[in-house]
Amino acid sequence: MAFEPPQRLVRALGETAPDGDDWLERLPEAAHQAVALRELTVERVQMPGGRSSLVVLVRQPDGTPAVLKLAPPRARPQSERAALAHWGGTGAVQLLEPFVTEGLLLLERLRPDLSVRSLPEAKALLEAAGTLRRLWVEPPAGHRFETVAERTGRQAEAMRATASADAEVAALVDAALAAREELLAAPPERRLLHGTFRQSKVLAGERMPWLAVGPDPVVGECAFDLARLVRDRVEDLIASPSGAATTRRRVKRLAESLEVDQERLRGWTLFRAVESGVRARRVGRPQDAELLLEFAGWL
């Protein structure tokens with residue numbers, strides 16, 4: 001079988017590594033080797049797939065459905081493996097292979113065609129929030145996960161560079177950076193976080209109704225993780241005449257349901273929306289940037 005990477009993955013990797021690298025060139029051979037070594041039967045490459053990895057639906061030698069996931073080093077697959085191992089299948093997809101293979105994960109098969117996002121909005125938020133709560137555990141002793149301060153520090157540098165050359169976003173960037181500084185001054189807890197949680201990252205499963213996939217784990221306060229969920233379905237929010245009011249109610253409702261400080265959630269939602277909007281602007285996705293920055297302006 002030809003392991004052709006989906007165009008969505010090719011485009012996304014082009015944004016994160018504009019000068020390119022040889023991972024995509026080596027990907028088909030790496031996939032063939034991984035399949036042959038494990039004696040897997042390939043069903044198909046998941047389409048349109050993710051933005052950071054190749055996902056292949058396979059069956060193990062005994063016929064059990066599974067997922068083979070291959071990711072480049074910059075997607076931090078070893079960090080994802082460590083987080084999934086620590087969660088042990090509680091709230092998240094389960095590892096099926098205990099030993100470490102660089103850039104490769106063998107995972108239990110969920111329903112790739114059925115995510116929480118397919119539910120009505122209120123139900124989707126409820127189920128997503130419940131899944132997220134199960135992931136917020138103490139990080140393992142001696143962990144090597146990136147911290148919220150470290151990750152947002154890198155992001156802040158890129159935001160400052162963009163703002164210095166783009167006056168249209170300067171005010172929002174200043175507000176987002178000020179919020180970050182205040183939030184980092186006194187974080188209320190340190191938990192292992194999913195890192196990139198949203199409705200589409202929660203898939204239907206057999207062991208449990210809903211399980212999270214695709215973490216980019218980070219250690220920090222829970223409000224940081226919840227912030228990305230606040231802006232889910234941002235295109236619907238922007239299209240609604242009551243979008244700003246709906247957003248403020250969503251912040252309040254999610255903060256109360258997960259016992260997170262409302263102002264801290266608002267602050268991290270602002271920072272993450274501006275960061276995503278500025279990044280979209282920088283890599284040539286103006287429509288995404290416009291939506292995200294308008295959303296950020298409501299906060």
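**View 1. Buried face of helix α5.** In α5, the buried residues are V148, R151, T152, G153, Q155, A156, M159, T162 and A163 (buried means under 20% relative accessible area, exposed over 50% and partly exposed in between, with a 1.4 Å probe and protein chains only). This is a predicted model, in which local features need pLDDT of at least 70 and side-chain atom pairs count only at pLDDT 80 or more, while totals for chains, interfaces and linings use all residues. Residues are numbered from 1 along each chain as its sequence is written, and side-chain values use heavy atoms, with hydrogens and water left out. Helices (H or I, at least four residues) and strands (E, at least two) are DSSP runs numbered from the N terminus. The cover over the buried residues of α5 includes α6 (167-185), β6 (191-193), β9 (218-220), α7 (222-230) and α10. Helix α5 (residues 148-164) has 17 residues, which at 1.5 Å a residue should span 24 Å; its end C-alpha atoms are 24 Å apart, in agreement (the expected span is 1.5 Å times one less than the number of residues).

**View 2. Helix α5 against helix α10.** The two axes come within 10 Å and cross at roughly 50° (axes are lines fitted to C-alpha atoms, for helices over the stretch in contact, with angles from 0 to 180 degrees between N-to-C directions). α5 and α10 are therefore oblique to each other (under 35 degrees is roughly parallel, over 145 roughly antiparallel, 65 to 115 roughly perpendicular, and the rest oblique). The crossing of α5 with α10 is left-handed (the near helix is turned anticlockwise from the far one by less than a right angle; clockwise is right-handed). From α5, V148, T152, Q155, A158, M159 and T162 meet W268, F271, V274, E275, V278 and R282 of α10 (contact means heavy atoms within 4.5 Å). Seven of the contact residues are nonpolar, three polar and two charged (Ala, Val, Leu, Ile, Met, Phe, Trp, Tyr, Cys and Pro count as nonpolar, Asp, Glu, Lys and Arg as charged, and the others, Gly among them, as polar).

**View 3. Buried residues of helix α6.** V169, V173, A176, L177, A179, R180 and L183 are buried in α6. Among the elements that cover them are α5, α10 and α11 (286-297). The 19 residues of α6 should span 27 Å at 1.5 Å a residue, and its end C-alpha atoms are 28 Å apart, which agrees.

**View 4. Helix α9 against helix α10.** Helix α9 (residues 243-257) and helix α10 (residues 262-282) have axes that come within 9 Å and cross at roughly 125°. This angle makes α9 oblique to α10. Their crossing is right-handed. V251, K252, L254 and A255 of α9 make the contact with Q262, L265 and R266 of α10. These residues divide into four nonpolar, one polar and two charged.

**View 5. Surroundings of A129.** A129 belongs to helix α4 (residues 121-135). A129 is buried, at 6% relative accessible area. Apart from its neighbours within four places in sequence, A129 contacts L229, L254 and L258. E29 is 100 residues from A129 in sequence, and the C-alpha atoms of the two are 39 Å apart.

View 6. Most residues other than glycine have a negative phi. E39, which is not a glycine, has a positive phi of about 55°. E39 sits in the loop between α2 (23-38) and β1 (41-45) and is exposed, with a relative accessible area of 58%. R233, also not a glycine, has a positive phi near 60°. R233 lies in the loop between α7 and α8 (234-239) and is buried, with a relative accessible area of 13%.
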